[in-house]
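Dear colleague,

My notes on it follow directly after.

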Amino acid sequence: MAEIIDRAIAHASSAAEGRRAAPGALAPAARCVPLEAVSPSAWQHLAERALEPNGYYLPGWERAVNASARDRTDTSALGAWHEDQPSRLIGLMPVTSLWRACRLPLPALASGHPYGTLCTPLLDRDDAERAAADLLDTARGTVARAILLRDMSVAGSVMQAFDAVLRRDGLRPRILQSHQRAFLDATGDGETVLHDALGTKKLKELRRLRHRLAEHGEVRFAVARTPGEVAAALETFLTLEASGWKGRRGTALIQHDGDAAFIRRAAPALAQDRACEIVSLVAGDTTVAAGVVLRHQDRAFFFKLGVDERFAKHSPGVQLTLDLTRHLCGDPTISSADSTAGPDHPMINPIWRGRLAIGDVLVPLYPRDPIVELIHAALVARRESLSLARRAVHAIRNWRDGRTATPPPQR
């Protein structure tokens, strides 16, 4: 049954492809298609006009994810097109089946996951509600009865546009879970931001650790921006990431050929449009920490961090984040930064004191639909079982490692 639903959702539009839209209805191009069928130029133009930024749904990133990233390939896309300009994309939502996303054999779509923890769809800021309505209507052209918006900015302007459209249709979105994660207001002075967040005593201690790090050579903050610089710095980042606890757990990007291929394609491609940087902290000739940062409109996205654990006593990840904070606050084109980290992240939460509400939202496509109730109940039960399993895994790891501290945060 699951395979039947999966195929039906992926190909439901084929029967409707030849139908012409009536005046005022959806344009024929507004249908569920394979992600790679979406015009990259139309996608990029939409990204430039997007109501809410999402660096993980830039075409250079998501197309690379879809091409090879582990468990994230063969994604489809819901598209919305301008009524009078059929080549102008006004809405885009990468999607997959609920079976592929959650292993639930139920008729629903779920956000295509772009590796980064943000799946807010792209809506044209000048036509957001029309775009949201068309995306929902396109989903109704499949066998889906609901859409699971994963890792959604639940209080953002895109969610508000969907909410307005749903309310007009007598529908109500349901927040399945939400949490707050670290967010940086980069409009202020970097030193002031850090002082307000950490205080004089903590900053003095971090300066002491930085002076100790300088015993290994001059400490400097480096930013790779051009495609060539990014490609070279990325290899250092990948090596650092795999050298630590992520490598020991088998979750480092370089440990899977598909993941490595995705990031090696995506980072230099985005750098061509100044949408990706690799930031590094170097002591002498040794890179002790490196991070991947995406940019979309006036927002930065801190994707991942790798550190050389031989220098752990000098807090290289924290030191790099301090320099990144100064770097972003000093950039007039950036007004905010999303940590894209988990809730209660022990490293970045004390430094970036702003908070962004992120959650999973179930969007029904039809009123009073008992199947949506079944989908909702199944998702709640799945979340509870996964939470129990995660606690068990953490307890086993703590016992195995002979410690009681919280395991390293996934990033």
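**Findings**

Helix 6 (residues 128-140) counts 13 residues and reaches 19 Å from its first C-alpha to its last, close to the 18 Å expected at 1.5 Å a residue; the expected span is 1.5 Å times one less than the number of residues. Helices are DSSP runs of H or I with at least four residues, strands are runs of E with at least two, and both are numbered from the N terminus.

This is a predicted model, in which local features need pLDDT of at least 70 and side-chain atom pairs count only at pLDDT 80 or more, while totals for chains, interfaces and linings use all residues. Residues are numbered from 1 along each chain as its sequence is written, and side-chain values use heavy atoms, with hydrogens and water left out.

Helix 6 is largely enclosed by the rest of the structure, because 10 of its 13 residues are buried (under 20% relative accessible area, with exposed meaning over 50% and partly exposed in between; 1.4 Å probe, protein chains only). Among the buried residues are Asp134, Thr138 and Arg140, together with alanines including Ala128 and Ala131.

Strand 10 (residues 286-296) is likewise largely enclosed by the rest of the structure, since nine of its 11 residues are buried. Two strands pair if DSSP finds at least two bridges between them. Strand 10 runs antiparallel to strand 9 (residues 276-283), with eight bridges joining them; one of the bridge partners is alanine 289 in strand 10, which faces leucine 281. These two strands form a hairpin with two residues between them, and glycine 284 in the turn has a positive phi of about 65°.

Strand 10 also pairs with strand 11 (residues 299-307), again in the antiparallel sense and over eight bridges. Here histidine 296 stands opposite arginine 299 of strand 11. In this hairpin too there are two residues between the strands, and glutamine 297 takes a positive phi near 55°.

Glutamate 241 lies in helix 9 (residues 227-243) and is buried at 2% relative accessibility. The side chain of glutamate 241 makes a polar contact with that of lysine 246 at 3.5 Å (a pair of N or O atoms within 3.5 Å; within protein, one must be able to donate a hydrogen and the other to accept it, and residues adjacent in sequence count only if both atoms are side-chain atoms).

Finally, the structure holds zero disulfides (pairs of cysteine sulfur atoms within 2.5 Å). Cysteine 119 is buried, at 1% relative accessible area, and cysteine 329 also counts as buried, at 11%.

With kind regards
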